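Open the model and keep the sequence beside it. We will go through it piece by piece, starting with sulfur atoms.

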Amino acid sequence: MLSAIKHTGQVLYRVWFYLMVAVPIFLFFPFLLLATLSERTYPQFFWMARNLWARPILFGMGCFPKITREQQMERGESYMLVANHASMLDIMLMLVVSRNPFVFVGKKELVNIPIFGFFYKRVCIMVDREDIRSRTRVYRRAQRRLDQGLSICIFPEGGVPEEEIVLDGFKDGAFKMAIAHKIPVVPMTFHDNKKRFPFTLNHGGPGQVRAKVHRFFETGILSMEDTSTLREEVREVILKELLKP
């Protein structure tokens, strides 16, 4: 009996999440659409996504953010934001953590998510990992967005790892891009998102979601030969934080 009640609660919690994702998009659809008609209005879209979508979802799910920072991002500067990836809540928490407008670089498959995918396609930089030419297009679009004063966000694991993996290996893309564009890498650790809303069914629940913004890695004097070193140093910072008791 208790098992059936718990299972029902988990299902309802997930249904509630998808309602929380969809309802603000429907409510503010005309304003969101207008803000995506031009790249120049992206900061306005970002403000709405952060304050009218991400925050209500986290608070509505009972997932209250606690953010600690070792270093502050400066207004008007561009950064490469990277974090561990374990939950759909990572998107919302990243939006809440960064006051600086940024653009996600992510898998093109997310376009297929109803409602969310419509805006994802319009405002994010999509990458097809099976198409080598896609990488060139990503770099070109990223450069244009950086020139507009925006930051870039990539989850460098390249996907969500298996349940038992604390932190998967990192791909080179974020670090090559940071070095090429001479922007600081901002490592972040998301402690609780896997516990609160994992991709595994019948798990999760409300509670605190902690995010730690670590000290930045400067790339001004680095070359492409330093990519693997930068990648592993950033991964080590996040992994060390995740393994803390």
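In this predicted model, the sulfur of cysteine 153 has its closest cysteine sulfur in cysteine 124, at 9.4 Å, which is too far for a bond. Cysteine 153 is buried, with a relative accessible area of 0%. Now take cysteine 63. Its closest cysteine sulfur belongs to cysteine 153, and the gap is 19 Å, again too far for a bond. Cysteine 63 is buried too, and its relative accessible area is 0%. A disulfide is a covalent bond between the sulfur atoms of two cysteines. The cut-off for a pair of sulfur atoms is 2.5 Å. The structure holds zero disulfides.

Charged pairs come next. How many salt bridges does the count come to? The count is eight. One of them links arginine 145 to glutamate 39, with the closest N and O atoms 3.5 Å apart. Arginine 145 sits in helix α6, residues 132-147, while glutamate 39 sits in the loop between α2 (29-35) and α3 (42-60), so this pair ties together parts that are 106 residues apart in sequence. The two partners can be told apart by their accessibility. Arginine 145 is buried, at a relative accessible area of 3%. Glutamate 39 is partly exposed, at 28%.

A second salt bridge joins the side chains of lysine 212 and glutamate 241, at 3.4 Å from N to O. Lysine 212 is in strand β7 and glutamate 241 in helix α9, so the pair ties together parts that are 29 residues apart in sequence. Are these two residues buried or exposed? Both lysine 212 and glutamate 241 are buried.

Stay with lysine 212. Strand β7, where this lysine has its place, covers residues 207-213. The relative accessibility of lysine 212 is 16%, and buried means under 20%, so lysine 212 counts as buried. The 3.4 Å approach of its side chain to the side chain of glutamate 241 is also a polar contact. Which residues does lysine 212 touch, leaving out those up to four places away in sequence? They are Thr68, Glu70, Pro187, Met188, Thr189, Glu241 and Lys244.

Another salt bridge pairs glutamate 232 with arginine 231, and here the closest N and O atoms are 2.7 Å apart. Glutamate 232 is partly exposed, with a relative accessible area of 36%. Arginine 231 counts as buried, at 17% relative accessibility. Salt bridges that share partners also join Glu70, Lys212, Glu241 and Lys244 into one network.

Asparagine 193 is buried, with a relative accessible area of 1%. Beyond residues up to four places away in sequence, asparagine 193 touches Ser87, Leu89, Asp90, Leu93, Pro198 and Val209.

Lysine 182 lies in the loop between α7 and β6. Most residues other than glycine have a negative phi. Lysine 182 has a positive phi, near 55 degrees. At 43% relative accessibility, lysine 182 counts as partly exposed.

Glycine 158 is in the loop between β5 (151-154) and α7. Its relative accessibility is 21%, so glycine 158 counts as partly exposed. Where the chain separates glycine 158 from asparagine 84 by 74 residues, their C-alpha atoms are separated by 9.8 Å.

Terms used: Residues are numbered from 1 along each chain as its sequence is written. This is a predicted model: local features need pLDDT of at least 70, side-chain atom pairs count only at pLDDT 80 or more; totals for chains, interfaces and linings use all residues. Side-chain values use heavy atoms; hydrogens and water are left out. Helices (H or I, at least four residues) and strands (E, at least two) are DSSP runs, numbered from the N terminus. Buried means under 20% relative accessible area, exposed over 50%, partly exposed in between (1.4 Å probe, protein chains only). A polar contact is a pair of N or O atoms within 3.5 Å; within protein, one must be able to donate a hydrogen and the other to accept it, and residues adjacent in sequence count only if both atoms are side-chain atoms. Contact means heavy atoms within 4.5 Å. A salt bridge is a side-chain nitrogen of Lys or Arg within 4 Å of a carboxyl oxygen of Asp or Glu.
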